[in-house]
Structures are given as C-alpha cells and as structure tokens.
Amino acid sequence: FAYYADGEIRLLVETEGHATLQVIDMMGRSVRCTNVARNVSTNGMVPGVYVLRLIQGEKAMTQKIVIQ
C-alpha cells in the first residue's frame, strides 16, 4: 500500500475519514505517527527496514518498507 521514493513514503491507497500512519522500527518503537497525507517525509530517519501500520477505523494494514 506504500513505497519509498525521493526521501518520502508515498501511499498508493486512498484513505477515508480519519486514518493514521505509524512508522515502527524493527525493535518495535514508534518512529513516526501522523494523520495520513499522500506523502510522509523520512527526514531524520536512519536507513533501514521499518514496518508501516495504516489504521482506518477498525481496519489496519501492515507492510515492511526499506528506507534508504
């Protein structure tokens, strides 16, 4: 549902109503938590593998992503 390009996490899915995107490192710590925008900056994030969790109402999607 998302990919990394040009220093941003870009969402491929349309969000409805109130949605939250969490970026979690591999140790389980929340690195970013934001109300969903189409693009989320990765400024200040260390390159590595992260887990994205997109929460919309009662639904949640997760995905791993590599930040370079």
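Is Arg 10 buried, exposed or partly exposed? In this predicted model, Arg 10 counts as partly exposed, because its relative accessibility is 21% and the buried class ends under 20%. Its salt-bridge partner is Asp 6. The closest N and O atoms of this pair are 3.4 Å apart. Asp 6 counts as exposed, at 69% relative accessibility. The pair also belongs to a wider arrangement.

The structure holds 4 salt bridges in total. Side chains of opposite charge can pair when their charged atoms come close. Another of these bridges links Glu 14 with Arg 38, with the closest N and O atoms 3.7 Å apart. Glu 14 lies in the loop between S2 and S3, and Arg 38 lies in the loop between strand S4 (30-35) and strand S5 (39-41). The pair therefore ties together parts that are 24 residues apart in sequence. Glu 14 is exposed, at 63% relative accessibility. Arg 38 is partly exposed, at 40%.

A further salt bridge joins Arg 29 to Asp 25, at 2.8 Å from N to O. Arg 29 is exposed, with a relative accessible area of 52%. Asp 25 is buried, with a relative accessible area of 14%.

The strands were examined next. S3 and S6 pair in the antiparallel sense over 7 bridges. Within this pairing, Thr 20 has Ile 55 of S6 as its bridge partner. S6 also pairs with S7, again in the antiparallel sense, over 9 bridges. S6 and S7 form a hairpin, with 2 residues between them. Gly 57 sits in the turn and has a positive phi of about 60°. In a regular strand the side chains alternate between the two faces of the sheet.

Beyond its neighbours within four places in sequence, Leu 52 is in contact with several residues, including Phe 1, Ile 9 and Leu 21. Other contacts of Leu 52 include Val 23, Met 61 and Ile 65. Gln 22, Thr 62 and Gln 63 are also among the contacts of Leu 52.

Methods:
Residues are numbered from 1 along each chain as its sequence is written. This is a predicted model: local features need pLDDT of at least 70, side-chain atom pairs count only at pLDDT 80 or more; totals for chains, interfaces and linings use all residues. Side-chain values use heavy atoms; hydrogens and water are left out. Contact means heavy atoms within 4.5 Å. Two strands pair if DSSP finds at least two bridges between them. Helices (H or I, at least four residues) and strands (E, at least two) are DSSP runs, numbered from the N terminus. A salt bridge is a side-chain nitrogen of Lys or Arg within 4 Å of a carboxyl oxygen of Asp or Glu. Buried means under 20% relative accessible area, exposed over 50%, partly exposed in between (1.4 Å probe, protein chains only).
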